[in-house]
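Open the model in your viewer and keep the selection tool at hand. We will go stop by stop, and at each one you will hear what to pick and what is there.

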Amino acid sequence: MKIFNNPPREEWPDLCERGGSDNEAVSKTARLILERVRKGGDAALTAITREIDGFEILDFRVSDAEIEDAAGMVSEELKKAIDDAIANIRAFHEAQLPKEITVETTPGVTCIQRPVPIANVGLYIPGGTAPLFSTVLMLAVPASIAGCRRVVMCSPCGKDGKIAPVVVYAASRCGIREIYKLGGAQAIGAMAYGTQTILPVDKIFGPGNRYVTAAKQTVSQQGTAIDMPAGPSEVMVLADSSADPEFVAADLLSQCEHGRDSQAIAVCDSEELAKRIAEATERQAAALKRCDYVNESLANSRIIILSDRSAMVDFANRYAPEHLIISLGDAEAVLNEISAAGSVFMGNYSPESAGDYASGTNHTLPTAGWAASLSGVNTDAFMRKMTIQTITPEGLRALAPTIISMAEAEGLDGHANAVRVRVVEK
């Protein structure tokens with residue numbers, strides 16, 4: 001990892017750049033795939049899978065028999081781990097359930113805000129390089145808590161025509177039975193537009209590669225809501241002399257192994273600590289199974305030395321990381337100054353891996369700087385707020401002068417008349 005020693009602020013924008021391929025080329029490819037799915041339905045899905053993945057699937061839906069078979073392929077130890085994670089995720093997300101709000105804004109005028117579950121949701125579960133069954137839990141558990149009527153899941157399968165058994169098991173454990181063997185931009189298109197086999201959904205959730213992210217952003221402009229533009233994973237660690245370089249290195253590498261375009265950044269306050277983190281990162285990386293992914297990701301990662309504590313905070317807020325680990329002696333004080341991060345991990349014993357799997361917080365988070373303005377997935381994301389109002393005759397008479405005056409000032413006499421006809425004495 002390259003080390004930058006107290007870079008001037010004018011260089012920060014370049015240091016905050018995420019790496020990756022030509023986004024315009026990616027977006028163009030995603031749009032072409034989406035259009036093929038919109039026009040061709042199931043036949044297009046089969047053809048695209050054949051062209052991109054090199055094999056053919058005629059029946060995309062995972063059968064009940066396949067769901068039952070998958071359960072038998074998961075060890076009892078892993079089943080228990082999944083149950084433990086579900087319990088923690090459920091506990092945290094149940095506490096987030098919004099309550100109905102009722103306010104009498106003025107006598108005779110009652111306004112209500114009612115949380116309502118989104119009826120049909122689609123979950124995209126990545127699976128190209130690793131079976132991310134943890135993402136199933138992060139999306140399906142809050143969808144269940146919210147009360148979504150129909151939950152659909154799409155995940156890529158292997159050349160054997162099967163999704164990883166643990167992904168299927170995790171879905172069924174969360175109550176999902178409508179599962180499709182689909183990945184990439186074509187899966188997003190199928191859920192957004194619908195095909196002969198797959199009915200469309202109202203909102204799509206889940207992280208993915210650049211093509212998936214581009215496809216989600218495209219369909220969001222065409223009437224299908226999305227959770228967020230969740231792309232390649234990233235982590236930032238703020239560290240000082242109270243941090244353990246081995247811990248910092250392990251946290252950086254835990255994100256680097258997600259994919260070749262992931263990014264890890266360490267921000268520390270001394271050259272000595274930077275060198276120790278770099279050495280530990282190189283040594284630990286060599287021992288990881290996915291070292292090929294890690295090494296490519298590390299080429300796009302960096303260590304930044306900022307001697308001033310306020311500069312460290314400013315840089316973190318400028319970068320707006322998906323995951324932020326605060327390994328500082330005054331972590332609590334620094335936390336109060338953080339305004340842009342997807343999920344924050346406090347102290348030396350709060351590894352990002354805990355949030356990825358089982359602490360209870362959600363790991364589907366905004367990336368690429370979106371953490372400055374967007375939240376990660378939560379129970380509220382699977383709901384919408386519907387307002388209701390009830391006005392009595394007396395309440396409308398009292399409110400009428402205000403409405404009529406405002407409507408006429410805007411030149412909308414039809415609005416004024418809709419009130420006037422109700423309050424004029426007959």
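Throughout this tour, buried means under 20% relative accessible area, exposed means over 50%, and partly exposed is in between (1.4 Å probe, protein chains only). Helices (H or I, at least four residues) and strands (E, at least two) are DSSP runs, numbered from the N terminus. This is a predicted model, in which local features need pLDDT of at least 70 and side-chain atom pairs count only at pLDDT 80 or more, while totals for chains, interfaces and linings use all residues. Residues are numbered from 1 along each chain as its sequence is written, and side-chain values use heavy atoms, with hydrogens and water left out.

**Stop 1: helix H7**

Select residues 184-193, which form helix H7. Nine of the ten residues here are buried, so the helix is largely enclosed by the rest of the structure. Colour Gly184, Ala185, Gln186, Ala187, Ile188, Gly189, Ala190, Met191 and Ala192 to see the buried ones. What covers the buried residues of H7? The cover includes helix H2 (23-53), E4, E5, strand E7 (203-205) and helix H8 (210-220). Step off the end of H7 and you reach Gly194, whose phi is positive, near 80°.

**Stop 2: Ile52**

Now click Ile52, in helix H2. Leaving aside neighbours within four places in sequence, Ile52 is in contact (heavy atoms within 4.5 Å) with Ile33 and Gln186.

**Stop 3: the five-stranded sheet**

Show the strands next. An open sheet of five strands runs in the order E6-E5-E4-E7-E8, with parallel pairing; two strands pair if DSSP finds at least two bridges between them. Its edge strands, each pairing on one side only, are E6 (178-181) and E8 (225-226). Zoom in on E4 (residues 120-124) and E5 (residues 150-155), which are joined by five bridges. Tyr124 stands opposite Cys154 in E5.

**Stop 4: the largest nonpolar core**

A nonpolar core is a set of buried Ala, Val, Leu, Ile, Met, Phe, Trp, Tyr and Cys residues joined through side-chain atoms within 4.5 Å. The largest one here has 74 residues, and Val121, Leu123, Met153, Ile179, Leu182 and Phe382 touch the most other members. Helix H5 (residues 133-146) gives the most to this core, with ten residues. Centre on Met153: beyond four places in sequence, its contacts include Leu123, Ile125, Val136, Val167 and Tyr180.

**Stop 5: two alanines with positive phi**

Most residues other than glycine have a negative phi. Ala320, in the loop between helix H12 (309-319) and strand E12 (323-327), has a positive phi of about 55°. Is Ala320 buried or exposed? At 2% relative accessibility, Ala320 counts as buried. Ala368 also has a positive phi, near 55°, and sits in the loop between helix H14 (352-357) and strand E14 (383-391). At 46% relative accessibility, Ala368 counts as partly exposed.

**Stop 6: the second largest pocket**

Stay with Ala368, which is among the lining residues nearest the centre of the second largest pocket, together with Asn23, Arg210, Thr213 and Pro232. The lining has 23 residues, and H8 gives the most, with four.

Key
On a 1 Å grid over the protein atoms alone, a cavity is a set of points where a 1.4 Å probe fits but cannot get out, and a pocket is an open set with protein on both sides within 12 Å along at least five of seven lines; lining residues have an atom within 4 Å of a point.
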